[in-house]
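Biologist: I would like to learn how to read a protein model. Could you take me through one, feature by feature?

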Amino acid sequence: MEKSEDELQTYLNKLILSSNDDVPAYWKNAGFPRLKKLTKCYLAIPPATVHSEHFRLDPETVQKLIFLHKNLKTVNFNNKD
């Protein structure tokens with residue numbers, strides 16, 4: 001059985017997924033049992049506890065979110081400078 005450190009190093013040496021890849025399918029078939037368990041615990045999105053119609057954002061935050069939404073695709077996350 002592979003040690004946790006070896007499993008992590010193997011994962012880190014793999015190619016980065018693209019935005020078009022099926023992430024749940026990747027983790028289902030990836031063969032990283034320890035990391036798979038961690039992703040379920042720590043990377044899962046918690047359910048919202050506030051109804052969206054009761055959630056209010058200040059105008060500055062709304063502008064920042066719109067900016068991020070429109071410009072996120074222009075950022076190259078795979079660039080390791």
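Biologist: Which side chain does Lys 64 meet in a salt bridge?

Modeller: A salt bridge here is a side-chain nitrogen of Lys or Arg within 4 Å of a carboxyl oxygen of Asp or Glu. In this structure Lys 64 meets Glu 60, at 3.3 Å from N to O. Before we go on, note that this is a predicted model, where local features need pLDDT of at least 70, side-chain atom pairs count only at pLDDT 80 or more, and totals for chains, interfaces and linings use all residues. Residues are numbered from 1 along each chain as its sequence is written, and side-chain values use heavy atoms, with hydrogens and water left out.

Biologist: Where do Lys 64 and Glu 60 lie?

Modeller: Helices and strands are DSSP runs numbered from the N terminus (helices: H or I, at least four residues; strands: E, at least two). Both residues belong to helix α4 (residues 59-71), 4 residues apart, about one turn of the helix. The protein has 4 helices and 0 strands.

Biologist: How many salt bridges does a search of the whole structure find?

Modeller: It finds 2. Besides the pair in α4, Arg 34 forms a salt bridge with Glu 7, with the closest N and O atoms 2.9 Å apart. Arg 34 sits in helix α3 (residues 33-42) and Glu 7 in helix α1 (residues 4-13), so this pair ties together parts that are 27 residues apart in sequence.

Biologist: How much space lies in the largest pocket?

Modeller: Rolling a probe the size of a water molecule over the atoms shows where empty space is left. On a 1 Å grid over the protein atoms alone, a pocket is an open set of points where a 1.4 Å probe fits, with protein on both sides within 12 Å along at least five of seven lines; lining residues have an atom within 4 Å of a point. Here the largest pocket holds about 280 Å³. Of the 11 residues lining this pocket, the closest to its centre are Tyr 11, Leu 15, Ile 16, Leu 17 and Tyr 26.

Biologist: Which element gives the most to that lining?

Modeller: Helix α2 does, with 3 residues.

Notes
Points joined across faces, edges and corners; volume = space filled by probe spheres on them.
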